[in-house]
Amino acid sequence: MRLHVLIALLTCFAFSQGASVAQEEIGKKQNDKVRYDHYAVYKVKYSNSIQRQLLLQLAKRHQSFSLWHDSPAEIHLMVSPNAVLEFEQQLNRANATAEMYIANVQHIIDNETEANTKAASAFGWTRYHNLAEIEAWLDEILATYPDVTEGFIIGKSYEGRNIRGLKISYKADNPGVFIESNIHAREWITSATATWFINQLLSSKDDLIRELAESHDWYIVPVLNVDGFVYTHEKDRLWRKTRQPSSTSSCIGVDPNRNYDVHWMENGGASDDPCASDYAGPHPFSEPEIKAMSEYLGSIKDKVNVFLAFHSYSQLLLSPYGHTAEEFPDNFDDMMKVSKAYADAVGALPYGTVYDYGSSADILYTASGSAIDWAYQEGIQISYTVEFRDTGRFGFVLPPAFIIPNAEETLIGIRALLDECRKLGYLDLK
């Protein structure tokens, strides 16, 4: 079916359903939850910067469009049912082509909810868990493995929640690995993978996993953006930012991964619009979650050799820098060797998942004020964003059936990454 015919049909259907128009966030509220009935996600391909800018103008219309993915060759854009004609017109202006990836976003959210409901009630990895369930599980882990685990709190969120982490250490003088997860609230696969990974480090009998667990000290924060994460479970599944109100706008929240004091707001790598999904905040470290994270990680940075930030989606391993594609870290060649080891190990698994790699600004987009750039600036020379599954079929609403396959890939990838780090001398004690 040709795109303009499909769009016209969708538009007629949307109007027949009485789609809502004006509201603070994209989506339609019903029963106190934001719904995305007949919102569609399109993969839009372009070939030059002029086309890209025309398409990204749509993303500034926050009530009707939401940017899900941006790369040098394509964007993924969620379009409200009342904006499909405007979308088609802008496509024509840009002379770009579009393919529908997701026909009805609410449908995949409902499927996820149904799968979560049908799964076993005990904590596990056949469904996604809310913050209270994750924290109760962390308490059980601390009680079950008191000799090798230690809980820590990096600080409090804007709404007063503790931001909890877990340290796993089997012996002294191990190199340190810090894992930050769920900085973006809607990326549920990240905290699910982090908790599965913790469980493997503590309970697996596999010799290779035991060596991985016991040869490193692990600092893992399963949910960094606790307020936003709770909001995704209770109000809006696709919420991304923190929950601190703006003093200059009715829009709420900041992109926490644009709020670090490192090349903040440089080169268009974040927005100064409080309604934008990549709003950098009024100033660096304006968000208590990021201020606390920077202070905690800064206090132990001499013990940390590797920093990993879990994200979704795109299947990428991204290294510094995010603020520019014109400059690269001094050890960039080594970083690419480490990235290749991760990608090769994951690709060799039966799933056949393909990971690309490179610097954030070079293979994805300019992103200033990010966690990995800040960690690198603080002297952690191996610092990566890991963008998990998939490449757009489900996007941020990855079905629970993919939790374990994604987590297995992550474990194998991290083991290969650390093996290569060791060969290159990056796991020597500081």
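Reader: What makes Ser319 count as buried, and which residues does Ser319 touch?

Author: In this predicted model, Ser319 touches Phe332, Met335, Met336, Gly358, Ser359, Ser360, Ile372, Ser383 and Tyr384, leaving aside residues up to four places away in sequence. Ser319 is found in strand S12, which covers residues 316–319. Its relative accessible area is 0%, and buried means under 20%, so Ser319 is called buried.

Reader: How do you know that Glu74 and Lys45 meet in a salt bridge?

Author: The side chains of Glu74 and Lys45 come to 3.0 Å, N to O, and the definition asks for a side-chain nitrogen of Lys or Arg within 4 Å of a carboxyl oxygen of Asp or Glu, so the pair qualifies as a salt bridge. The pair links distant parts of the chain, with Glu74 in strand S5 (residues 74–79) and Lys45 in strand S3 (residues 40–45), 29 residues apart.

Reader: Why is Glu74 called buried, and why is Lys45 called partly exposed?

Author: Glu74 has 13% relative accessibility and therefore counts as buried, given that the cut-off is under 20%. Lys45, at 40% relative accessibility, counts as partly exposed, because that term covers values between the buried limit of 20% and the exposed limit of 50%.

Reader: What makes Arg210 and Glu214 a salt bridge, and why are Arg210 and Glu214 separated by about one helical turn?

Author: The closest N and O atoms of Arg210 and Glu214 are 2.9 Å apart, and the limit is 4 Å, so Arg210 and Glu214 form a salt bridge. Because Arg210 and Glu214 are 4 residues apart in helix H7 (residues 207–214), about one helical turn separates them. Arg210, at 16% relative accessibility, counts as buried, whereas Glu214, with a relative accessible area of 31%, is partly exposed. Elsewhere, salt bridges that share partners join Arg35, Asp37 and Asp110 into one network.

Reader: Which parts of the chain does the salt bridge between Arg237 and Glu112 link, and are Arg237 and Glu112 buried or exposed?

Author: The side chains of Arg237 and Glu112 meet in a salt bridge at 2.8 Å, N to O. Arg237 lies in the loop between helix H8 (226–234) and helix H9 (288–300), while Glu112 is in helix H4 (residues 105–118), so that the pair links distant parts of the chain, 125 residues apart. Both Arg237 and Glu112 are buried, and the structure holds 22 salt bridges.

Reader: What is in the largest nonpolar core, and which residues does Phe178 touch?

Author: The largest nonpolar core has 97 residues, and those with the most contacts inside it are Val105, Phe178, Trp218, Tyr260, Phe307, Leu308 and Leu417. Helix H6 (residues 188–203) gives the largest share of this core, 9 residues. Apart from this core lies another, of 18 residues, among them Val44, Leu55, Leu77 and Ala83. Phe178 touches, among others, Tyr219, Val221, Met293, Phe307 and Leu308, not counting residues up to four places away in sequence.

Key: Residues numbered from 1 in each chain as written. Predicted model: local features only at pLDDT ≥ 70, side-chain atom pairs only at ≥ 80, totals over all residues. Heavy atoms only, no water. Core = buried A, V, L, I, M, F, W, Y, C linked by side-chain atoms within 4.5 Å. Buried < 20%, exposed > 50% of the residue type's maximum accessible area, 1.4 Å probe, protein only. Helix = DSSP H or I, 4+ residues; strand = E, 2+ residues; numbered from the N terminus. Contact = heavy atoms within 4.5 Å.
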